[in-house]
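This note sets out several points on side-chain packing for a reader new to the subject. Please keep the structure in view while reading.

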Amino acid sequence: MNRSTRARTLTGTAIALATAMALTACGGDGDASSDAEPEKQTKSSDAAASVENPVVASYDGGLYVLDGETLKLAKTIELPGFNRVNPAGDEDHVVISTDSGFRLFDAARQEFTGVEYKGAKPGHVLRHGGKTVLFTDGTGEVNAFDPAKLAGGKQPKTRSYTSAEPHHGVAIELADGELLTTLGTEEKRTGALVLDRDGKEIARSEDCPGVHGEALVLGTNGVLHVIDPETGKAERKIDAVGDWTEPLDWQQPRPTLFVRDHTAYVSDPGKRRLHSFDLDSGEKVTSVTLPKGTNELSGTVAGH
C-alpha cells in the first residue's frame, strides 16, 4: 500500500476515532476565568503523606484532595476561580484548568509541580495511546506529552501545534505518532485535520463529526445508569443522589460523575456530599460530607 493510500485510510480511521473519543465532552463552550491569586495550601507541620488513588474535587475557591478508598479529606488547596480537573494519565497527577492555563497537580502528594501550559481558556484534556493532549481554546494551541515523564515534577518533552484559529477544540495523538486536531473558529467547530509525526498535514475533513454515547449516565432523577455500549440498554440502575436540575450556567455546581476501574464517584453539591459506589454490585461503598459543595470531580487514572 503506497503512502497516499495509507494516509487516506488512516485518516478515515483517525477521524472516526476522534469522533468517538474527543467530541464526547463538548457540552460547554464557556471559559475558566477569574481574578486569580496565588494558591494557598493548608498549613501542616509535616510533609503531607502520600494519598492512595486520590480523588480531586473543585469547589468555589479551591480543591479538595481525598483518599479514593475512604473518601477521607487529605488536604484543602486554596485556588481562586473556576477550576476544572482531569486525569493526567498516570497514578499521581491530575491536570487543573485554571484561568491562566493548564497546571499539573501531584494529587498523591497534594502539591502543584510547577509544570504549566499557559494560555487563555484551557479546554479539553484527552488521553489516548499513552499520550495526554491539552487543547487551549483561547489560543488554539495543542500540547501533547507522555504522562510517564511527569515523575519528579519536571516538564516533559512536549509536542506542540497551533491551530489556524482559536476555537473550542480537541486533539488526540494516535499510536503511530499522527496527531488529529479539530478545525474551527470562535463561533463553531467545522471539522478535523491529521498531521504526520513530522507535523505535515496529510488530510482533513471539513464535515463536523457527531457525538458518541456514554457507558455511564447520571440522570437528573439522581439515578446512575450503567449502560451496555454494545446494545445501548441499561444493565443496572443505582440510586445515587436526589432529583436535580441542570443549571443554565455550565460553571455552576451540579451532581458530577467520575469513574475509575469498578468504582463510581458521585457528588451531591447541594448537600455537600460525595459518594462512592461499587459498579459490580451497585452498592454504596462510602460517603463523606465536605466543608463546601463541590463542582468538578476527577482523580488519577493511569493509561487511557
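A residue is called buried when its relative accessible area is under 20%. The model discussed here is predicted.

1. By that criterion Tyr117 is buried, and Phe145 is buried as well. The two residues form a stacked aromatic pair, with 5.8 Å from centre to centre and 5° between the planes. Tyr117 belongs to strand β8 (residues 111–118) and Phe145 to strand β11 (residues 141–145), so the pair ties together parts that are 28 residues apart in sequence.

2. How many aromatic pairs does a search of the whole structure find? The search finds four. Another of these is formed by Tyr59 and Tyr64, which are stacked at 4.4 Å centre to centre with 25° between the planes. Tyr59 has a relative accessible area of 8% and Tyr64 one of 2%. Both values are under 20%, so Tyr59 and Tyr64 count as buried.

3. The largest nonpolar core has 13 residues. Leu66, Tyr265, Leu274, Val288, Leu290 and Leu297 have the most contacts inside it. Strands β2 (55–59) and β3 (62–66) each supply at least two residues of this core, and the largest share, three residues, comes from β2.

4. Leu290 touches Tyr64, Leu66, Arg272 and Leu274, when residues up to four places away in sequence are not counted.

Methods:
Residues numbered from 1 in each chain as written. Predicted model: local features only at pLDDT ≥ 70, side-chain atom pairs only at ≥ 80, totals over all residues. Heavy atoms only, no water. Core = buried A, V, L, I, M, F, W, Y, C linked by side-chain atoms within 4.5 Å. Buried < 20%, exposed > 50% of the residue type's maximum accessible area, 1.4 Å probe, protein only. Helix = DSSP H or I, 4+ residues; strand = E, 2+ residues; numbered from the N terminus. Contact = heavy atoms within 4.5 Å. Phe/Tyr/Trp six-rings, centres within 6.5 Å; stacked < 30°, edge-to-face > 60°.
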